[in-house]
Amino acid sequence: MPLLPRLTDTGAALTREVEVLDEYGQRRVLHMPNERALTVFVDKRELVTLMTLGAAPELLVLGYLRNQRLVASVEEVESITVDWEVSAAAVRTREGVRDFERKTAKRIVTTGCGQGTVFGDAMASFEELRLPSAAQARIRQSTLAAQLERMRQMQMESIHRKAGSVHGCALFRGSELLWFVEDVGRHNAIDAIAGWMWMHGVDGADKCFYTTGRLTSEMVMKAAQMGVPIVVSRNGVTQMGHELATRLGMTLFGRAANRHFLCYSGFERFDAEPEPAPPVARVVRSS
């Protein structure tokens, strides 16, 4: 059994009410997400400030450390303590982070909502990543459709439906939803998924990752860091995200909603069950 870190459990209110004025001059009360700053300290050294909804802050921090490759295993982390009174997360490691200064010296500002940050060492590790082969990890079209239907149901009760302005991410095993989380940025939500996987000893090889956000290079990199070979987005795919996924042999689905989707890469993992194409409308012009 792995030696798991001790985590606080500091759930916070995710939305608040606000009075607005609409185009008809009517006052209305709506919900808005509670965005918070969370400054992360690792062994008393300041690392980064994350802008977050605060749905799962301890898992967010753990997953951030994982996806930035600052720690190699969950056993290296002794504890994560979140204190919203000072808007800080204190990480204590068991033996310190090796080469902390070198690993955090170069920072890349990404396309993440609220400007995400990727440390240069994480990007440099690209060539080391290995995903399971197409024979080991596959997805059927009917399974993808079941996942999209499950997400449609989840989003009926989501923070996004209630207040907007957030992204949702989910982890699937086949058509089974394992965990779902929302945050103000898609990169935060995927980091929380990564933290959840580490805390529960969940391997990514037979999993599928879903996000409402676009698939940019950092999202593809983080999914690969988690060992997940199949990624689905309700949104689109960027050129660099597509290029990295192709080099990794990762399967990317974009524009995926209801029963519609586009497979951008990794066709060899996909067992298509095509639906009949709609009839082509013919326009008859009168003379």
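1. For the helix pair taken up here, an axis is a line fitted to C-alpha atoms over the stretch in contact, and the angle runs from 0 to 180 degrees between N-to-C directions. The model is a predicted one, and in it helix H6 (residues 186–199) packs with helix H7 (residues 217–225) at an angle of about 0°, the two axes lying 10 Å apart. Because angles under 35 degrees count as roughly parallel, H6 is described as roughly parallel to H7.

2. Which residues make this contact of H6 with H7? On the side of H6 they are Arg186, His187, Ile190 and Asp191, while H7 contributes Glu218, Met219, Lys222 and Ala223.

3. On charged pairs, side chains of opposite charge can pair when their charged atoms come close. The count for this model comes to 15 salt bridges. One of them joins the side chains of Arg6 and Glu78, with an N to O distance of 3.8 Å. Since Arg6 lies in strand E1 (residues 6–7) and Glu78 in strand E6 (residues 77–83), the pair ties together parts that are 72 residues apart in sequence. Arg6 is exposed, at a relative accessible area of 53%, and a network of salt bridges links Arg6, Glu78 and Arg92.

4. In the bridge between Glu149 and Arg152 the closest N and O atoms are 2.8 Å apart; both residues belong to helix H4 (residues 141–155), where, being three residues apart, they are separated by about one helical turn. Glu149 counts as partly exposed at 33% relative accessibility, and Arg152 is likewise partly exposed at 38%. Arg28 forms a salt bridge with Asp22, for which the closest N and O atoms are 4.0 Å apart. Is each partner of this bridge buried or exposed, or something in between? Arg28 is partly exposed, with a relative accessible area of 41%, whereas Asp22 counts as buried at 16% relative accessibility.

5. Thr52 deserves a paragraph of its own. Its place is in strand E5 (residues 45–52), and because buried means under 20% relative accessible area, Thr52, at 0% relative accessibility, counts as buried. A polar atom of the Thr52 side chain lies 3.1 Å from the backbone nitrogen of Gly54. Leaving aside residues up to four places away in sequence, Thr52 touches Asn34, Glu35, Arg36, Leu38, Leu60, Trp84, Asp183, Val184 and Asn188.

6. Finally, the backbone: most residues other than glycine have a negative phi.

Note on methods: Residues numbered from 1 in each chain as written. Predicted model: local features only at pLDDT ≥ 70, side-chain atom pairs only at ≥ 80, totals over all residues. Heavy atoms only, no water. Helix = DSSP H or I, 4+ residues; strand = E, 2+ residues; numbered from the N terminus. Buried < 20%, exposed > 50% of the residue type's maximum accessible area, 1.4 Å probe, protein only. Polar contact = N/O pair within 3.5 Å; in protein donor to acceptor, adjacent residues only side chain to side chain. Contact = heavy atoms within 4.5 Å. Parallel < 35°, antiparallel > 145°, perpendicular 65-115°, else oblique.
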